[in-house]
Amino acid sequence: MGTTTISTGSGRLLRAGVRYGYAPAMLIGINGIGVALTSAGAGKIWLLALLAAAIAISFAAERLLPYDRDWNRPSGDGGRDAAHTFVNEALVLGSVAAVPALAAVVSVADIWPHSWPMWTQVLLAVVAADAGITLVHYASHKVGLLWRFHAVHHSVKRFYGLNGLMKHPVHQTVEMTAGVTPLLVVGLPVDVASALALAVAVQLLLQHSNADYRIGPAKHVLALNEGHRFHHLKWAGIGDVNFGLFTLLWDHLLGTYSHDPARRFTSDDLGMAAKPHYPVRYLEQLAEPFRARGACAPEPAVDGAASGPVPAS
């Protein structure tokens, strides 16, 4: 009896830790260690190890306190998502390594605040990148050519950490170009770019996490999973909300912020209503945007969309 009580109590403590401590541990802990490592001049291999640790923590949190237990079960998508993660993170690391060369081409004036503390430089980079990436994301739901590539990300039928890293490499490149080019123009240092790359990966893990964590009133400002689930509703128009990567500030400005605290989500709500049989395998997803059928014409909201999110006033 005593052992069972202790075990049950430990389980409750662990779940409480995930509910209220997971997001701060990732946002402040993992990113903080990343900033410290870059400040100390640590090699990029340490940032890779830190990213691996973040992914491991993400998976552990999803199993300790899942929002939907079914979303923890692979449905023929585990290998595909791993491939997306590997390819897209390799692209990010390659772009970070190329920062000096890229800056030499596009830099207009080195007015970057090099004298600021590293954490404030990274925060500035996050705010600037958030604007560019969010606006490209918004455009990707409005411009047919961009949507062809972005549709890969919206084909998911379960919502868990690696979904955030599941993107067509073309779309990933367009987003990162929009987010980083303005920073390169003003002299973005490679160390800040490295910390920014880690912050993006951590944010995507949190934003698509199946962990049922809480962030309180900050959910109206930070672009994390509680708000981002609404973005993955499958009906055209209904899911065109909460585009932000790091924050929801641009959504408040664009009038695309939405939240309904009573809403619950299942796999039946996810994907694309206009194209429910989107290819599942990795290579097929890479090829789909280049095919004639790769366009996904939006359909009007259907009966099932009646339970969609209520726009915030």
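User: What is the handedness of the crossing where α3 passes α7?

Analyst: In this predicted model, α3 passes α7 in a right-handed crossing. The term right-handed is used where the near helix is turned clockwise from the far one by less than a right angle. The axes of α3 (residues 78–97) and α7 (residues 169–185) cross at roughly 35 degrees and come within 10 Å.

User: What makes α3 and α7 a contact, and which residues meet?

Analyst: Contact means heavy atoms within 4.5 Å. On the α3 side the residues are N88, L91 and V92, and they meet P169, Q172 and T173 of α7. By class, three residues of this contact are nonpolar, three are polar and none is charged.

User: How do the axes of α6 and α7 cross, and which handedness does the crossing have?

Analyst: The axes of α6 (residues 144–154) and α7 come within 8 Å and cross at roughly 115 degrees. The crossing of α6 and α7 is left-handed. L146, F149 and H150 of α6 meet V170, H171 and V174 of α7. That contact has four nonpolar residues, two polar ones and no charged ones.

User: Why is the pair of Y138 and F243 called edge-to-face?

Analyst: Two rings pair if their centres lie within 6.5 Å, and planes over 60 degrees apart count as edge-to-face. The ring centres of Y138 and F243 are 5.3 Å apart and the planes stand at 80 degrees, so the pair is edge-to-face. By this rule, the count of aromatic pairs comes to seven.

User: What makes the Y138 and F243 pair a link between distant parts of the chain?

Analyst: Y138 belongs to helix α5, whereas F243 sits in the loop between α9 (225–231) and α10 (249–254); they are 105 residues apart.

User: How do you know which residues line the largest pocket, and which lie closest to its centre?

Analyst: A lining residue has an atom within 4 Å of a point of the pocket. For the largest pocket, with a volume of about 470 Å³, 19 residues form the lining, and L27, N31, V122, L123 and V126 are the closest to its centre.

User: Which helices supply the lining of the largest pocket, and what classes of residue does it have?

Analyst: α1 (2–39), α5 (118–140) and α8 (190–207) each supply at least two residues. The largest share, six residues, comes from α1. The lining has 14 nonpolar and five polar residues, with no charged ones.

How values were computed
Residues are numbered from 1 along each chain as its sequence is written. This is a predicted model: local features need pLDDT of at least 70, side-chain atom pairs count only at pLDDT 80 or more; totals for chains, interfaces and linings use all residues. Side-chain values use heavy atoms; hydrogens and water are left out. On a 1 Å grid over the protein atoms alone, a cavity is a set of points where a 1.4 Å probe fits but cannot get out, and a pocket is an open set with protein on both sides within 12 Å along at least five of seven lines; lining residues have an atom within 4 Å of a point. Grid points are joined across faces, edges and corners, and a volume is the space filled by probe spheres set on the points. Helices (H or I, at least four residues) and strands (E, at least two) are DSSP runs, numbered from the N terminus. Ala, Val, Leu, Ile, Met, Phe, Trp, Tyr, Cys and Pro count as nonpolar, Asp, Glu, Lys and Arg as charged, and the others, Gly among them, as polar. Axes are lines fitted to C-alpha atoms, for helices over the stretch in contact, and angles run from 0 to 180 degrees between N-to-C directions. Rings of Phe, Tyr and Trp (its six-membered ring) pair if their centres lie within 6.5 Å; planes under 30 degrees apart count as stacked, over 60 as edge-to-face and the rest as tilted.
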